[in-house]
Amino acid sequence: MARPVIVCYDGSRASSEALGYTAQVVPSAPVLVVTVWREIDEEMLSSGAAPPAGDPVEVNVQTRRAAQEAARTGAERALAAGLDAEPLVVKTGGPIWKAIEAVAQERDAVLIVCGTGRSGLKTVMPGDVAIALVQHASKPVLVVPTSKAAAERRKALERDHRRSREPAL
């Protein structure tokens, strides 16, 4: 069996664009569409968020179902783009990147693909799964910026280039 490409998918624009890019650059590779979720207690502890209204057990059931739906939708989009895709939902009690790394090791992935919508100073802020994967994963990681983030980066580069060509006073 061929080694899969893991695509990190949460239903966001960034993950959708990463999935589309994967179809362009590795169209014949088997793809594992991975969605990671945490129980609300873990999420609250790690993010400092206010507790949810309602029963925590029911919130966790809804969160798990939402993760399952996201992974299924991602796999359907991958199939529509011509990829041989399978959804995988992973529950974690720790950092999301560690859960993705564990799947990459278990499945002997050839590549991890992750989208990001961050640009500018936001790229160095903590909490970015893509940055954590680049820093810690044992498998190659391809980070795909959203079209919006890529445009912002191009503008910043052009601005920096123009400044560097201006004569010093």
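Me: Among contacts in the protein chain between residues at least 6 apart in sequence, what share joins residues at least 24 apart?

Reply: A contact means heavy atoms within 4.5 Å. Of the contacts in the protein chain between residues at least 6 apart in sequence, 74% join residues at least 24 apart. This is a predicted model, in which local features need pLDDT of at least 70 and side-chain atom pairs count only at pLDDT 80 or more, while totals for chains, interfaces and linings use all residues. Residues are numbered from 1 along each chain as its sequence is written, and side-chain values use heavy atoms, with hydrogens and water left out.

Me: How many helices and strands does the protein chain have?

Reply: Helices (H or I, at least four residues) and strands (E, at least two) are DSSP runs, numbered from the N terminus. The protein chain has 6 helices and 5 strands. Read from the N terminus, its elements follow the order β-α-β-α-α-β-α-β-α-β-α.

Me: In what order do the strands of the sheet lie?

Reply: Two strands pair if DSSP finds at least two bridges between them. Here 5 strands form an open sheet in the order 3-2-1-4-5, with parallel pairing. Strand 3 (84-91) and strand 5 (141-145) are the edge strands, each pairing on one side only. From one strand to the next, the twist averages 25°; axes are lines fitted to C-alpha atoms, for helices over the stretch in contact, and angles run from 0 to 180 degrees between N-to-C directions.

Me: Over how many bridges do strand 1 and strand 4 pair?

Reply: Strand 1 (residues 5-8) pairs with strand 4 (residues 111-116) over 3 bridges, in the parallel sense. V7 has V113 as its bridge partner in strand 4.

Me: Are C8 and C114 buried or exposed?

Reply: Buried means under 20% relative accessible area, exposed over 50%, and partly exposed in between (1.4 Å probe, protein chains only). C8 is buried, at 9%, and C114 is buried, at 6%. Buried residues make up 36% of the 169 residues in the protein chain.
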